[in-house]
Amino acid sequence: MDRLIQFKEEHQVFRETFRKWLEKEVVPHHEKWEKEGKVPHSLWEQAGAQGFLCPWLPEEYGGSGGDFLYSVIEIEEIAKARATGLSFSLHNDVVAPYIFHFGTPEQKKKYLPKCASGECVLAVAMTEPNTGSDLASIRTTAVKDGDHYVINGQKTFISNGQNCDLVVTVAKTNPKANPPHAGVSLILVETGTPGFKRGRKLEKVGLHAQDTSELSYEDCRVPVTNLLGQEGAGFYQLMKELQQERLVVSLGAQSGAEVALGEAMKYAKQREAFGKPISKFQHNAFKLAEMATKVAIGRTFVDRLLVDHVAGKNVVTEVSMAKYWITDMLCEVVDDAVQLHGGYGYMLEYPIGKMYQDSRVQRIFAGTNEIMKLIISRQMGL
């Protein structure tokens, strides 16, 4: 189907280059990385050398000055290659924008070129062991001591936790603030800082090549110049960037659903039962028709939001709708595809089995789908 978003010739050249790079440098090694629990840090540097990290950054910060569509292309091609270990979108489109939008000129000059080169891998530390979506209730503190902040606290479920070199850390600089979210700030923490510790690499249901970790801060001293923006502005900074983060998740889920539909179609046409392809049975044909309809609706919706986002429009409510609906749809399509595969769908040697493992978390991260519905209902005045 025709897409609402228009990719230019330079976008198509970039897509082909990135696709070939994935086929050569990522796909042959991905199974090994899944067993090891992370991709090597050197891959980030290799990707940076090819211009695949933060391509939207201005040239003065090491980027190529492209638009957000270059990131969209990477999200789509990573999904097609089933290279789920590559958390480039987290680095490129979720964390780096915090530094670009809220950082001082000195912070931008210091960190952004390294983010583009792959020398500095990024993570954001929001979630804590007893605090999920309720960011105002975080317990990590950053107490000012002279010209330093002393950070203490625990974080968990941190993507890029093992590979990261710089962490945008969410902490309370004023634990007594009323309302509580007014005391939240964002602080840049380099992982070599004394007192910063990587915890265990978490064993997840899926996304096995994407490293996820616990992090701890024990009297971790960082300069006050590492504060992003103003003290107490962290909650608002997070809210401002969540539109793009949830759009990124929606785009990845949509592309994943398209891959799952393709796998189901291919298998249903090849697999025979009772002397004919199983796609010829009316129930299966109807099921594939339902899956294709859901996927088509999702593509139309997310591409419209993509057009609006690139145009700078506020589509927070609609992106929240897309994040919950499309990730739910992804899980439905993948589950139907597994069922069409029968017993083979539960085997990890088949792509759909891996997709079954990897898709479930999409409904949880970047804000659970229940939180998305809460946001939508509040925007409706409920």
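The legends below describe close-up views of a predicted model. Residues are numbered from 1 along each chain as its sequence is written, and side-chain values use heavy atoms, with hydrogens and water left out. In this predicted model, local features need pLDDT of at least 70 and side-chain atom pairs count only at pLDDT 80 or more, whereas totals for chains, interfaces and linings use all residues.

**View 1. Helix α5, residues 88-102, bends at alanine 96**. Helices (H or I, at least four residues) and strands (E, at least two) are DSSP runs, numbered from the N terminus. The bend at alanine 96 is about 40°, taken as the angle between axes fitted to the seven residues ending there and the seven starting there. Proline 97 follows within four residues. Twelve of the 15 residues are buried, among them His91, Asn92, Asp93 and Pro97. Buried means under 20% relative accessible area, exposed over 50%, and partly exposed in between (1.4 Å probe, protein chains only).

**View 2. Phenylalanine 88 in the largest nonpolar core**. A nonpolar core is a set of buried Ala, Val, Leu, Ile, Met, Phe, Trp, Tyr and Cys residues joined through side-chain atoms within 4.5 Å. The largest has 58 residues, and Trp21, Leu86 and Phe88 have the most contacts inside it. Helix α7 (234-270) is one of the helices that each supply at least two residues of this core, and α7 gives the most, with eleven residues. Beyond its neighbours within four places in sequence, phenylalanine 88 is in contact (heavy atoms within 4.5 Å) with residues including Phe18, Trp21, Trp44 and Ile78.

**View 3. Positive phi at arginine 82 and phenylalanine 157**. Most residues other than glycine have a negative phi. Arginine 82, in the loop between α4 and α5, has a positive phi of about 55° and is partly exposed, at 34% relative accessible area. Phenylalanine 157, in strand β3 (residues 148-159), has phi near 60° and counts as exposed, with 56% relative accessibility.

**View 4. The cis peptide bond from asparagine 178 to proline 179**. Omega of this bond is near 5°. Proline 179 lies in the loop between β4 (166-172) and β5 (184-190).

**View 5. Helix α9 and glycine 342**. Glycine 342, which follows α9, has a positive phi near 65°.

Note on methods: Expected span 1.5 Å × (residues − 1).
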